[in-house]
Amino acid sequence: MSDDGKYIWINGELVELEKATIHFLSSTLHYGVGAFEGIRCYDTECGPAVFRLKEHIKRLIDSALIMGYREFPYTVAELCEATKKTIAANGFTSCYIRPLVYHDGTCKSLNLDNGKPSVGIATWYWGNYLGEDAMEKGIRANVSSFTRHHPNVMMTKAKISGNYVNSVLARTESARLGFGEAIMLDPQGYVAECTGENIFVVRNGNIYTPPTATILEGITRDSILTIARELGYTVTEQPVSRDQLYSADEVFMCGTAAECVAVTEIDFRTIGSGRMGNITRNIQKTYMDVVQGRHPLSKGWLDYVHS
Ligand code: PPE
């Protein structure tokens, strides 16, 4: 089987991947007027299960509304069902899920009201986003020369397609410099997030993470706040400076695609021991137990595909 699912759900129909095309004049293609999600389905003892599906679909619809649509054609429940239907049709036991809201208007207008939202849901098999070894060995990161969005320039709570040009700039630069991921600072110069993950810092046994004012409110970040507190750690949401990263005992990043990955070096400075730290390991292990259905928290957060 190819890594890509054979069928894409588009506006209520399952369409073969090759036939799921969009018009060349689509304003989503020209201007980035789209909104998307990244969700994971895990292979659990009770069959395939989607992690925090409702929260992801709610954020998808919120992204579309933040972008300016005044009406959205589907409810959260309808798109949750559509997601499960797509996974089942493609026969995946585990996969990555990419719903996309795209504008069916053309590039001849910048007015969102000249068109309606369409929705597609794709699925594919995806290993770890930051590389095969990332989960065990961690990654090396740089602080990007590109600044993360100001929330009044691009709507940072929304996963708007066009927002990701900023991530592409930073990620491409980072890869060409030989790093595994870029850490981005907000317009005030504080640590914001990575190109596709949120970030946590461990100092003297306590955990810190930047507040949500300028960042994407990650669902993995939210899950890890709960997990870390359940494990007995103190977690504080407070501004983090670049040099607090350099002198941290541990740094880790988290997101749906990346899951939970240690950062062992930043801008050529070794973080802690230079290996994944104990707190990161503990949180990573618990997170993987939760998403794979082996933890009491799994119950409220997993949505079984064949229920
Ligand atoms: N910040 C950004 C900028 C971001 O893109 C993500 C997700 C997160 C934080 C973490 O959010 P959450 O997945 O809800 O915990 N990045 C997606 C991958 C981006 C890409 O398309 O590449 C993801 O993890 O699915």
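**A chat about rings, cores and domains**

User: Hi! Starting with F179: buried or exposed?

Analyst: F179 is buried, because its relative accessible area is 10%, and the cut-off for buried is under 20%. One thing to keep in mind as we go: this is a predicted model.

User: Got it. How many aromatic pairs does the structure hold?

Analyst: There are ten aromatic pairs in the structure. One of them joins F179 and F268 in an edge-to-face arrangement, with 5.3 Å from centre to centre and 65° between the planes.

User: Where do F179 and F268 lie?

Analyst: F179 is in the loop between helix 5 (164-176) and strand 9 (181-185), while F268 is in the loop between strand 15 (259-266) and strand 16 (269-270). The pair therefore ties together parts that are 89 residues apart in sequence.

User: And F268, buried or exposed?

Analyst: F268 counts as exposed, because its relative accessibility is 62% and exposed means over 50%.

User: What kind of aromatic pair do F200 and F252 form?

Analyst: F200 and F252 are stacked, 5.0 Å centre to centre with 5° between the planes. F200 belongs to strand 11 (residues 198-203) and F252 to strand 14 (residues 250-255), so this pair ties together parts 52 residues apart in sequence. Both F200 and F252 are buried.

User: What lies over the face of Y246?

Analyst: That would be R269, at 4.2 Å from the ring centre of Y246.

User: Switching topic! Which residues of the largest nonpolar core touch the most other members?

Analyst: I183, I207, L245 and I283 do, in a core of 47 residues. Helix 8 (residues 278-291) gives the most to this core, with six residues. Domain 1 (7-124) and domain 2 (134-291) both give residues to this core, so it lies between them.

User: What does L245 touch?

Analyst: Leaving out residues up to four places away in sequence, L245 touches I183, V191, I199, V201, V240, V251, I266 and I271. There is also another core apart from the largest one, with 29 residues, among them A35, F72, I87 and C95.

User: Why would nonpolar side chains be buried together?

Analyst: In soluble globular proteins, nonpolar side chains tend to be buried together.

User: OK, back to I266. Where is I266 found, and is it buried or exposed?

Analyst: I266 is in strand 15. With 0% relative accessibility, I266 counts as buried. Setting aside neighbours within four places in sequence, I266 is in contact with A141, V143, I183, L245, Y246, V251 and I271.

User: And helix 8, how many of its residues are buried?

Analyst: Ten of the 14 residues of helix 8 are buried, so helix 8 is largely enclosed by the rest of the structure. The buried residues are I279, T280, I283, Q284, T286, Y287, M288, D289, V290 and V291.

User: What should helix 8 span, at 1.5 Å a residue?

Analyst: Its 14 residues should span 20 Å, and the end C-alpha atoms of helix 8 are 20 Å apart, which agrees. Just after helix 8, G293 takes a positive phi of about 80°.

User: Now the domains. How far apart do the C-alpha centres of domain 1 and domain 2 lie?

Analyst: Those centres are 26 Å apart. The contact takes 20 residues from domain 1 and 21 residues from domain 2.

User: Where is I66 found?

Analyst: I66 is in helix 2 (residues 53-67). At 37% relative accessibility, I66 counts as partly exposed. Leaving aside neighbours within four places in sequence, I66 is in contact with M155, K157 and A158.

User: Last one: what about V305, buried or exposed?

Analyst: V305 is buried, with a relative accessible area of 11%. V305 is in the segment after strand 17 (302-304). Not counting residues up to four places away in sequence, V305 touches C41, P48, A49, V50, K84, I87 and A88. V305 and T86 are 219 residues apart in sequence, yet 9.6 Å apart in space, C-alpha to C-alpha.

Definitions and conventions:
Residues numbered from 1 in each chain as written. Predicted model: local features only at pLDDT ≥ 70, side-chain atom pairs only at ≥ 80, totals over all residues. Heavy atoms only, no water. Helix = DSSP H or I, 4+ residues; strand = E, 2+ residues; numbered from the N terminus. Buried < 20%, exposed > 50% of the residue type's maximum accessible area, 1.4 Å probe, protein only. Contact = heavy atoms within 4.5 Å. Phe/Tyr/Trp six-rings, centres within 6.5 Å; stacked < 30°, edge-to-face > 60°. Lys NZ or Arg CZ within 6 Å of the ring centre and 35° of its normal. Core = buried A, V, L, I, M, F, W, Y, C linked by side-chain atoms within 4.5 Å. Domains from an automatic or database assignment. Expected span 1.5 Å × (residues − 1).
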